[in-house]
Amino acid sequence: MRIGVITIFPELFTTFLDTSLVGRAVTKGLLDVQVHDLRSFTDDRHRSVDDEPYGGGGGMVMTAPPWIRAVEELSGSRKPRRILLSPQGPALTDAKVRALAEEEELLLLCGRYEAIDERAIELVVDEEISIGDYVLSGGELPAMVLVEALSRQIPGVVGLPESVEQDSFRSGLLDHCHFTRPPEVNGLKVPTVLLSGNHAAIESWRGVQAVRATVEKRPDLLPKLRPEQLSAVQWRELENLGRSTEVGGQEASPSSVVATQTRDTE
Ligand code: 9D3
């Protein structure tokens, strides 16, 4: 996968692109990221990229011409999907990451200041993406978030393909809890089943732990869960916790409560 980035702070990306999983993906040639300085697409002596807003008001607005020049020069004839990291876009999701990972080439536009001239967005942006409803100072960290999430979807980047498939948002549940040495920490022991060597029992226990973690930490995920994503053991745990009616988004109606009670007394 090929990713171009346009920013006024290219230096922010250097250690990020050299480090850890992303760094290895780049070294292996599975990911090609080119970072471009927006100022090199200016034509004035001061290499300025911002100006005062028409109509007044505070803050500065990024001017359209450098963006248009940069995107046109960097697109060539290849037509990469052009994405503006913007607080006004829909928030990034696992489904969106997987869809974008299918693209051959992306061009990521990182804004700074209060805004970008709307005409640049109209002319050279295909879509806007946010990483959530909180205020940052620019699109660089969001672009890195997107690059890291995308890199994990490229075959050969994450060691085992199962690891990618097992990622929590794919199973619909949070991960089970984890333990490693030492066997006792401040009086707290490792659950004995994990030392039993009984792999079927361990798998079953982990499945139950995943259900408990989800109910406690992210109950908002339950309505998005489909019943077929749960094993029989997990389903029973959810029923015991009194939360099975939340699965699949259906509200606990009087009739479904009756149906559950009928099944319980069978
Ligand atoms: C405080 C300024 N806001 C006006 C009410 C608008 C605003 C402009 C520019 C807010 C943030 C930014 C800079 N942010 C991004 O470019 C950005 C971002 C973010 O702030 N949060 C979540 N995702 C993203 S993607 C790009």
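## Overall dimensions and burial

A residue is counted as buried if 20 or more other C-beta atoms, placed from the backbone, lie within 10 Å of its own. By that criterion, 22% of the 266 residues in the protein chain are buried. The structure is a predicted model, in which local features need pLDDT of at least 70, side-chain atom pairs count only at pLDDT 80 or more, and totals for chains, interfaces and linings use all residues. Residue numbers start from 1 along each chain as its sequence is written.

The protein chain contains 11 helices and 10 strands, taken as DSSP runs numbered from the N terminus (helices H or I, at least four residues; strands E, at least two). Its radius of gyration, at 24 Å, is well over the 18 Å that the globule rule gives for 266 residues, so the chain is more spread out than a compact globule. That radius is taken over C-alpha atoms, and the rule is 2.2 Å times the number of residues to the power 0.38.

## The parallel sheet

Five strands form an open sheet in the order S2-S1-S6-S5-S8, with parallel pairing; two strands pair if DSSP finds at least two bridges between them. Strands S2 (32–37) and S8 (127–129) stand at the edges with a single partner strand each, so one side of each has no neighbour in the sheet. Strand S5 (residues 81–85) pairs with S8 over three bridges, and isoleucine 83 stands opposite glutamate 127 in S8.

## Ligand surroundings

Of the 16 residues around the ligand, Leu85, Pro87, Ser130, Leu136 and Pro142 come nearest, where near means a C-beta atom, placed from the backbone, within 6 Å.

Conventions:
Buried ≥ 20, exposed ≤ 12 C-beta atoms within 10 Å, placed from the backbone.
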